[in-house]
Amino acid sequence: MPYIDWEYYSSLFTEITEETDFNRYATRAAAKLDAITHMRAKRFWDAYRKTKATDFQKMVHNQIQLTLCELVNALYVQDSSGMGTGVSSVSNDGYSESYKVTTAAEKEAQLYSIVRSGLSGTGLVGAL
């Protein structure tokens, strides 16, 4: 069972407007979440039963969904903004360009930060 679906995502976020794009990014985001949490989020998700869940478990379930949405958005922005291409700004009046090289490590650090922040206090991230 996937962490989130198009209906959940589109009810809260507006960055991605096409369901096919969402599906592609949600698959990548779920793989990234599983890797960062060493499958702890997946094991929690598979064992979660809404009718028997404690308040804490319901909160963790919600945090996983929101964190995955944030990962989807981050991956989308990284791809669509050309992160890693080097140009950070351009001005046409008097022509000016600024460069910032965004490395793969910086992009990865952004994703780790989203997961650490989103799942803080759940015990799913562990000691990273």
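Helices here are DSSP runs of H or I with at least four residues, strands are DSSP runs of E with at least two, and both are numbered from the N terminus. By that count, the protein chain has five helices and two strands. Going from the N terminus, the elements run α-α-α-α-β-β-α. This is a predicted model, in which local features need pLDDT of at least 70, side-chain atom pairs count only at pLDDT 80 or more, and totals for chains, interfaces and linings use all residues. Residues are numbered from 1 along each chain as its sequence is written, and side-chain values use heavy atoms, with hydrogens and water left out.

**The chain as a whole**

- Of the 128 residues in the protein chain, 34% are buried, where buried means under 20% relative accessible area, exposed means over 50%, and partly exposed is in between (1.4 Å probe, protein chains only).
- Among contacts (heavy atoms within 4.5 Å) with a separation of 6 or more, 65% join residues 24 or more positions apart.

- Two packed helices are described by the angle between their axes and the distance between the axes.
- Axes are lines fitted to C-alpha atoms, for helices over the stretch in contact, and angles run from 0 to 180 degrees between N-to-C directions.
- Helix 2 (residues 19–36) and helix 4 (residues 55–80) have axes that come within 8 Å and cross at roughly 115°.
- On the helix 2 side, the residues that meet helix 4 include Phe-22, Tyr-25 and Leu-33, and their partners in helix 4 include Ile-64, Leu-68 and Tyr-76.
- The residues of this contact divide into twelve nonpolar, one polar and two charged; Ala, Val, Leu, Ile, Met, Phe, Trp, Tyr, Cys and Pro count as nonpolar, Asp, Glu, Lys and Arg as charged, and the others, Gly among them, as polar.
- Helix 2 also meets helix 5 (residues 104–118), with axes that come within 11 Å and cross at roughly 75°.
- Helix 2 and helix 5 are therefore roughly perpendicular to each other (angles under 35 degrees count as roughly parallel, over 145 as roughly antiparallel, 65 to 115 as roughly perpendicular and the rest as oblique).
- Lys-32, Leu-33 and Ile-36 of helix 2 make this contact with Glu-108, Leu-111, Tyr-112 and Val-115 of helix 5.

**Helix 3 against helix 4**

- Helix 3 (residues 40–47) packs with helix 4 at an angle of about 125°, their axes 11 Å apart, and the two are therefore oblique to each other.
- Ala-41, Phe-44 and Trp-45 of helix 3 make the contact with Gln-57, Val-60, His-61, Ile-64 and Gln-65 of helix 4.
- By class, the contact of helix 3 with helix 4 has five nonpolar, three polar and no charged residues.

- Val-115 lies in helix 5 and counts as buried because its relative accessibility is 0%.
- Leaving out residues up to four places away in sequence, Val-115 touches Leu-33, Ile-36, Thr-37, Thr-67, Leu-71 and Val-125.
- Val-115 and Thr-67 are 48 residues apart along the chain, yet their C-alpha atoms are separated by 6.3 Å.
- Gln-65 is found in helix 4 and, at 13% relative accessibility, counts as buried.
- Apart from its neighbours within four places in sequence, Gln-65 is in contact with Tyr-3, Ile-4, Tyr-8 and Trp-45.

**Aromatic rings**

- A search of the whole structure finds seven aromatic pairs; rings of Phe, Tyr and Trp (its six-membered ring) pair if their centres lie within 6.5 Å.
- Trp-6, Tyr-9, Phe-13 and Phe-22 are linked by ring pairs into a cluster.

Notes: Phe/Tyr/Trp six-rings, centres within 6.5 Å; stacked < 30°, edge-to-face > 60°.
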